[in-house]
Every structure is written in structure tokens, then in C-alpha cells.
Amino acid sequence: MRHVLDIVNLRTGFADGTEAVRGVSLQVARGETHCLVGESGCGKSVTALSVMNLLPRGARRSADVLRFQDHDLTRASDRDMARLRGVKMAMIFQEPMTSLNPAYTIGSQMAEVLERHRGASRAQALERAAMLLGRVGITAPGMRLAQYPHQLSGGLRQRVMIAMALMCEPELLIADEPTTALDVTVQAQILRLLQALQAEFGLALLLITHDLGIVARMAQRVSVMYAGEVVESGSAEAVFAAPSHPYTQGLLACIPVPGKTPRDEPLGSIPGTVPRIGRDFTGCAFRDRCGHASNACSGIIPRQDAAPDHAVLCTMDLA
Amino acid sequence: MRISAATFLGLLIVGALVLTALGAPRLAPWDPFAQDLMARMIPPRWMEGGSPAHWLGTDQLGRDYLSRLIYGSRISLMIGVLTVVTSGFIGTSLGVVGGYFGGRTDDVVMFAITCRLAIPLILVALTVVALIGSSLTVVVLTLGLLLWERFAVVARTTTMQVRNLDYIAAAQAAGASTLHILLREVLPNILPHLVVVATLEMALAILLEAALSFLGLGVPPPLPSWGLMIAEGKDYMFFSPWVIMVPGVALFVLVLGINLLGDGLRDLLGTSQRR
Amino acid sequence: MLGFLFRRAVLALLVCLTVLVVAFSLTRLSGDLAVSIGGPNATSEDIATIRKNYGLDRPLPVQFFDWAANAASGDLGRSYLYHAPVSGLIKERLPITLGLGLSGLAIALLTAIPLGIVSAMREGSVLDRAIGLVALIGQAMPSFWLGLVLVIWFGLKLQWLPISGVDTWDGFILPGIVLAFSAIPALLRLTRAGMIEALSSDYIRTARAKGLSTASIVLKHALRNAAMPVVSVAAVQLGFMLGGSIVIETVFALHGIGYLAWESISKNDFPVVQAVVLLLAMIYTGLTLLADMMNAVLDPRLRAG
């Protein structure tokens, strides 16, 4: 089995009729970092929550393939999912300040993962928790275990979340904007930590971010999302070397590159906003903001190969 | 503005009972005080032994139950309204002063609220009525002097929120007197919250009056208070349960109506004061 | 934390002192106590004797400090009616009222918390609305009337449960239910609101991502955070229930503190009335203090502050 996570044509909609994810396909292999990138509201977090089956009440999800290792997640019951979550697949979130329960100690919250899934005793679980806290770079782990979340800084809390995710040695780690809420220096530390842990544990890492700088640094593969669709995907090298979708090009034009971007030239920006996508929407969702739009953009959009291992969802002639 | 079905039901109930109270002399088929010892404990007309002359039957003194029930709505509503006016005045004054001035003044107000909560409500009300003598006025004043604390709590917190807003500062800068600011700027802004409290307190006052009258230390006989009717019917309830069912249901429906109306107002005004 | 509790304790003491003054002045409302005690048939000589015997001829402040000092040392005076020490009367009756209050609280919590949780988990559903209706009905139900209806229904028609007295433990069930009804609406709404907030929080998403069981997510992670306001209100409600038990005790003929108070009020037995008012205020104040301490245990952030 090549891929740890295999998603083909994932669709997720909410009770109010919004289609948040519209036919996303992506794969993550063992030891690989796959970055899912896009603006806020493009459906990248919903994609992650769909995989974990953590969607809010009233949301529906469907997929041609939604496979984690050899588990078909489309058929997994809530009970099956609860046995996979925290064990084989783990997730960390954007808001370290609120993602830990204020009423329980760090140790208690970490230990309960191992107690539940491995039937470990409290002492065994705490021992592993202390080891992992040390591993994620927290000094005096024994003291931290007895502390409550409000006694820790944001960076420390995110380290705790990461350590907690590793309690049962998962195969897949989904990190949803793990550094967005943190200071820049702490961001770099956390990213380095994730890289080191990935190498050590052979994790498949699905990293969700809006920051192309992080993508450039971390990703082997990248999927660019826009309005619920993956508009461009491929190896990070290929996508960065030759961004082919007008949206990806626009995104890249928004970041200044030292030495490349002339000082007096204005930075690029993408005019307009993301349209609200209902059930009957057809065509390219980017067409109203796109400089290359034509009549064809209201029809069915082909997925073409810009190069081997580099797919683009666009009507433009890429040859 | 959309009114929910529940709010509408509340409006309907309260409206109907207000009309009943206002039109009591016309609506009541009999004099509520007229005794007829030959026609005692007649059951309601749909029951066996019922009489077409008395829709809801008669009580142990032969008084028409429907007429007493109709007149009873006057007592409940009067108690509710007058108590809320009294307690609303006391509580709002205390709360606004505490919330606006803060500091030591606020400490005193908070202390008063704490003390009031510590005082056992029914017990003290009973004692006061027992010592002064039972009458409608005494019951209203007693309840009014006791039920102000939620007005004070809500007036205090909302005044604190309003106090720091721009138009208060503007009024202060324009040299308006404190009293003027409190009455013209603060009060209108916190009024919606107070109206919601008023409905809750009115419901509570009506229930308390009934309880006091039930214990024999509320509205004096022969006034047709619903609580008193239940107390008077208590001795007969095992053989004629309707004597307590009729006034009890009336009481329940009125209080339910007021609460529904209060909930509706709260949603409508977007205030989030929870009980 | 200790400083906070100390301030709360001082406040509680001040509250009790104020209530002491209120309770004392309350019984002097009628003007001349001796006339009230003597009753309609007393001659002026009788009244003078009463005044002298009960020490009512002394200046009011003297009477007050005398009573307050004795109360502080546990001597609450003598009942005019029973010709016995008030403290003894209270000691004898208190267990019944406490039993009643605690069964009321237990029934209220055992009803309100599960219903509130279910309501929050199914927010907006038909079930949620139905449970909301229960709260609304509970709020509008006159407790003494509900008591009478239950007495008729259970005691007479079904004959399952005793309708008066507490010779056996099941005597507490019916009055407990009636008392609980007054506390259920507030507790239910609070639990529901707290649980809705907790269940939509980030830490619950984390708990789900950890693969915890629904029971653990709801009961351990969400409820713990929703419980704090419920604890505070439960303490307050228990205080109200003990004060309100006067109505229930007369309906069910339970000879607890409430019944004693009602009897004393009707018969002008003021030392007992004063003492019961003071006792209930002290219990209420103690309960709110207890709730603060329990919240400090529940929320580590309070402990640090």
C-alpha cells in the first residue's frame, strides 16, 4: 500500500446549503509532507475535519475513495473512527490557547489518550507523556505534567498538543495551521520540530496553511485549494518552479521575494472575493477574479497535466 | 419582527386575563361574595350533579366559582403590577446608582443585594403580614420591599455597560447634571432589560401572593384570591378535587402566559439576561 | 485564593449580622410585642406582667444586644408557646427540613442535569423543545398546588407513597419532588446553556480528535466546564428551597423548621421566628460560601487568582 491517506473526489456540504469541499483528491505517503494551501474559507480545514470525521452536526460528507491505510473511512462507524483517531491518525489545531481543556492538568489530558486506546495505567501513560514532552523540547516535563493549560504560553501549549498527538505513535498527523497563532520565532521552532518528528517517526504529515513561505520550506507535495477545489497540485518543486493556475500565480505574486521583487514595484494582489458556492454551481469558481477568463470557464473545467506529476484545473492551454 | 408561536400564546393568555379582570363586573354571572347556603359545593356543570346556573359550580359557602375566579384575576394582576412597580423602583434606583458611581457606593449596593438574598423570602413576608395584619396593601408593599434584588442586579450590570459609552461622555462634557444623565441617558438604554425582569418578577409575585394567601397570611377572606380559593378548597379536595383544580389551573395558566411573554420579549429585545 | 476566601468569610459574617438586625426589628414591627403576645383577652395588668417577664420593658438597643449576644453563644431564647429553649426546638425539627431540602436538591439535580445535557446535545431538536417546555411548566407551577395535586393523585388514587409525615424515608419523595420543581427550571437552563457553549469549544474538538468516547467527551470534558455556574445556582437554590419549605411542610404536614416557623408566626412566638430567620440566612450564606470553594476546586484558574 503506497499511500497512508488516499482521498478521491471528497465532497462536504453543510446544512445551510454551502458546499465547502467540492471533489478534492489528494494522497499522502509515509514520511511525506503534503501541504494543503489556500485562503481562509477555501475548504482546507473542512477537508481535514472530513478525514477525521470531526465535522459539526448537520454536515454531510461523501467520497469515491476515503481510505486511511487499509481502512475505508466512508464505511467506518463513529466507534471505528474513535478507535482510529488519536491512535493511528492525530490532529493538531490552530488555536493552542483554547484547544486544551482548562479544567484538567496537562498530564491528565495526555495520559487519557494512552489509557483509552492502549489500556495503559496512569503511571505508564504519564511516563510516556513525560518522555514525549521532553522530545518536543519542553524542559522539566515532570513539572509541566502537573500544570494546567493556563499556566503555559501559546508556544508551549502547541508543543503539548503535538506531544499529545504522538502519544500512540500515529501514522498520519494532520496539522491545521499549527503556527498561525504563534510568534514568528516560535513558529520557526515548531516547524523545525515537526520536521524532526516526521523524520524520526516516519509520519505522513498533512500540513494545512495559508502561508506559502511555510509551504516552500516544508512541503514535498502541495495542493492549492480554491473555493472547495484543488486547482493545482504536484510536487512542491514543480509547482513553485512553474505555477500554472492563475490563482497560484496570483498567490505567489503576493509574497515578496528578497532580491527578486523590485523594491519600488507594488506587490501583487488578487482583486475580488471568493464567491459563495451553492449546490448548482458549475464552472471555474475563480473566473470572476481571473485575468484569463473566457466563455469556456463557465463550462466543465478539465484537469490537465502541466508536466508529469503536476496537475492543473484550468481551461487555458498549458502546452 | 417575527413573533414566535410561544410568544403569541403568552400574549393571548395575558391579554385575555387582563380583559377578564377589567370586565369582571360585566363578565361574572353572579356576585362573587353572595353566599347561598342551599347551593353549596355544586360541581362544575359538565360533571354529575352540575347545575346550568353555575358553570364552574359553587364553593363551600355556595358562592359561584366562576364569578370568584373572574374576580380573582383582578387580585392576581393587581398584586403583580403593583409589586413590580414598587420593587422595580427600589431595585432600579439601587442598581443604577451602584453601577453608575461604582467604588464604595457599588460595594454598598452589592452588600444590600447579598443581604436581601440571604433573607428567607416567604418567612419574612409571612411575619410582616402576620404582625401588621393582612390586607391587599400590606401584601403589595411587603412583596415590593422584598422582590427588588433582580432589578438591582440587572440594572447594575447594564448601567456599568452603558456608563462607558460615548454618548454618556458627551452628555457629561456638555455639562448635563448627573440626575439628568441617569434619567435621560442611562435609564432608556437599560429599560429593555428591566422590562424582561419585570415579567419574571410579576410571575413570581403572583405565585408568592397565592402561597401567602394559601397559608392564611395573604389577602384576607372573603376576597376571591386564587391562592385563598385553593386554601379554602383544601378540606374538600379529596371528594371534590375540582375545587383546587380550577383556581390552580388558572394560576398556572396566568403565570405561564407571563413567562412566555417575558421569554418572547427577551428574544425580541435581544437581551441575554438568563435566570 | 486564601485571601479571596477570607474576604468572602468576612462578607458572610457581615451579612449574618445585618440579617440579625433585620430579624430583630422585624418582630418589633407591630409596635407593642406584649400586646400581641397577650392576645385579645389580656388585661393591662397581664400585659405589664408579660412586658416585665420577657424583658420587653428595657430599651430596644439593650434588648437587641442582649439577644444578639445570647444568639452568638448559641442561646436563642425561649419559646413563648412551647415554654422550651428555641435551640432545642430547632435541633429537633431541623433534620426534617434538611432531609426535605436535600432530597429536593438531589431530585432537581438528577432531573435537570441529564435533561440539560441531552437538550444541549440535541440543540434545536424536537426533544430539546420538549425539555424546554418542562422548564417552562416548572416555572409556572404553584408549588403548594402541585403538592396538593400530588397528594390527591398519589396518596388517594394510587396509594403508592405516603402523603404526610416522614416516618419512613419514602415520605420525603413527594414533598421532595414538589420542592425540586421550583429549582429545576433554573438548573436545567443553566446546564443546557453551559453545555452548548462547552460542546462547541476547541477543547472538545481536541477531545474528539483524541478518539475519546462520547461519554468521556460529554461527562468528563464538557460537563466539568459547564458545571461551575450550576454549582453556584444549586447552592442558592438549596437555600431558597429550605426557606420555601415552609409551604411544602404545611401541605405535607411535615414538622420541620418551616412548619415550626409558620406555627410561631400564627401564634406570635417571636423568639422562634427570629431564630429561624437567622438560621436560614446563615445556612444560605454558608451555602454560597461553599459554592465558591467548590468552584475553586472545579476551575484551576480561580485557584491561582
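1. Of the two pairs of chains in contact, it is chains B and C that share the most contacts, a contact meaning that the C-beta atoms of two residues, placed from the backbone, lie within 7 Å. No contact joins chain A and chain B, and their closest C-alpha atoms lie 21 Å apart.

2. This is a predicted model, in which local features need pLDDT of at least 70 and side-chain atom pairs count only at pLDDT 80 or more, while totals for chains, interfaces and linings use all residues. Residues are numbered from 1 along each chain as its sequence is written, and chains are lettered from A in the order in which they are written.

3. Between chains C and B, 38 residues of chain C are in contact with 34 residues of chain B.

4. Within chain B, helix H7 (residues 149-163) and helix H9 (residues 178-214) pack at an angle of about 155°, with their axes 9 Å apart; axes are lines fitted to C-alpha atoms over the stretch in contact, and angles run from 0 to 180 degrees between N-to-C directions. H7(B) and H9(B) are therefore roughly antiparallel to each other, the term applying to angles over 145 degrees.

5. Residues of H7(B) that meet H9(B) include B:Phe151, B:Val154 and B:Val162, and those on the H9(B) side include B:Ile190 and B:Leu194.

Note on methods: Helix = DSSP H or I, 4+ residues; strand = E, 2+ residues; numbered from the N terminus. Parallel < 35°, antiparallel > 145°, perpendicular 65-115°, else oblique.
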